[in-house]
Amino acid sequence: TGARRRQRGQIVLAEGGTIFLDEIGNLSLANQAKLLRVIQEQTFIPIGKTSPEQIDVRFVCATNRDLKLEVHAGRFRRDLFYRLAVIHIELPPLRLRGDDVVSLARHFLHQLRGPNRSTVDFSDDTLDLFRSYSWPGNIRELSNVIERAVIFAAGPLLQVHDLPAHLATVSVQRIATGSHPAQPA
């Protein structure tokens, strides 16, 4: 492997804590089998060793895929699915979460703003656009849109014209059709 020094792996580093596996639905079948063994037996064999080591780790996983459909299609192991599905939390897409998009946008703005940035908030038109846009990329897309807008913003309020072109197009279409943002239920 070219390893010149001993390194502790992520499972060892998480001992007594939690490992978060994002996009678990993208894991290959071969790696799913290995992960299942680790979760089920609470042991693993470190590289270069021959005997298993005991671990105490909780696994939290996320995916944008429907794992039940993936199991049915043969792309996700049924046994791993049921081993992971102890507590299932489903988050609705951003477009269905009402004013959460505004709270998240302000959070990302606060994170990205930094000490030398003068941008402090969003114009009302921008917030209306955020509420009405479908956000196919969910929170990752929102975060990227805010980051880009902070870079290009000319003033203290992020305006619609500071946003990527595809969002500005949505704004123009909304104004032309007279549609208004959906209100949360």
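Phe122, Phe130, Tyr133 and Trp135 are linked into a cluster by ring pairs. The model is predicted, so local features need pLDDT of at least 70 and side-chain atom pairs count only at pLDDT 80 or more, while totals for chains, interfaces and linings use all residues. Residues are numbered from 1 along each chain as its sequence is written, and side-chain values use heavy atoms, with hydrogens and water left out.

## Exercise 1: aromatic pairs

Solution. 

1. Rings of Phe, Tyr and Trp (its six-membered ring) pair if their centres lie within 6.5 Å; planes under 30 degrees apart are stacked, over 60 edge-to-face, and the rest tilted.
2. For accessibility, buried means under 20% relative accessible area, exposed over 50%, and partly exposed in between (1.4 Å probe, protein chains only). Phe81 is buried at 13%, whereas Tyr82 is exposed at 53%.

## Exercise 2: salt bridges of Arg131

Task: find the salt-bridge partners of Arg131, and place each pair in the secondary structure.

Solution. 

1. A salt bridge is a side-chain nitrogen of Lys or Arg within 4 Å of a carboxyl oxygen of Asp or Glu. The total is 10 salt bridges.
2. Arg131 meets Asp99 at 2.6 Å, N to O. This pair links distant parts of the chain, with Arg131 in helix 6 (residues 124-132) and Asp99 in the loop between helix 4 (78-84) and helix 5 (100-113), 32 residues apart. Helices (H or I, at least four residues) and strands (E, at least two) are DSSP runs, numbered from the N terminus.
3. Arg131 also meets Asp128, at 3.1 Å, N to O. Both residues of this pair lie in helix 6, 3 residues apart, about one turn of the helix.
4. Arg131 is partly exposed at 24%, as are Asp99 at 37% and Asp128 at 27%.

## Exercise 3: the largest pocket

Task: report the volume of the largest pocket and describe its lining.

Solution. 

1. On a 1 Å grid over the protein atoms alone, a pocket is an open set of points with protein on both sides within 12 Å along at least five of seven lines, and lining residues have an atom within 4 Å of a point. The volume is the space filled by probe spheres set on the points, which are joined across faces, edges and corners.
2. The largest pocket holds about 1500 Å³ of space. Among its 36 lining residues, Cys61, Ala62, Thr63, Ile89 and Leu91 are the closest to its centre.
3. At least two lining residues come from each of strand 4 (58-61), helix 3 (67-72), helix 4 and helix 7 (138-152). Strand 4 gives the most, with 4 residues.
4. By class, the lining has 21 nonpolar, 5 polar and 10 charged residues. Here Ala, Val, Leu, Ile, Met, Phe, Trp, Tyr, Cys and Pro count as nonpolar, Asp, Glu, Lys and Arg as charged, and the others, Gly among them, as polar.

Terms used. On a 1 Å grid over the protein atoms alone, a cavity is a set of points where a 1.4 Å probe fits but cannot get out, and a pocket is an open set with protein on both sides within 12 Å along at least five of seven lines; lining residues have an atom within 4 Å of a point.
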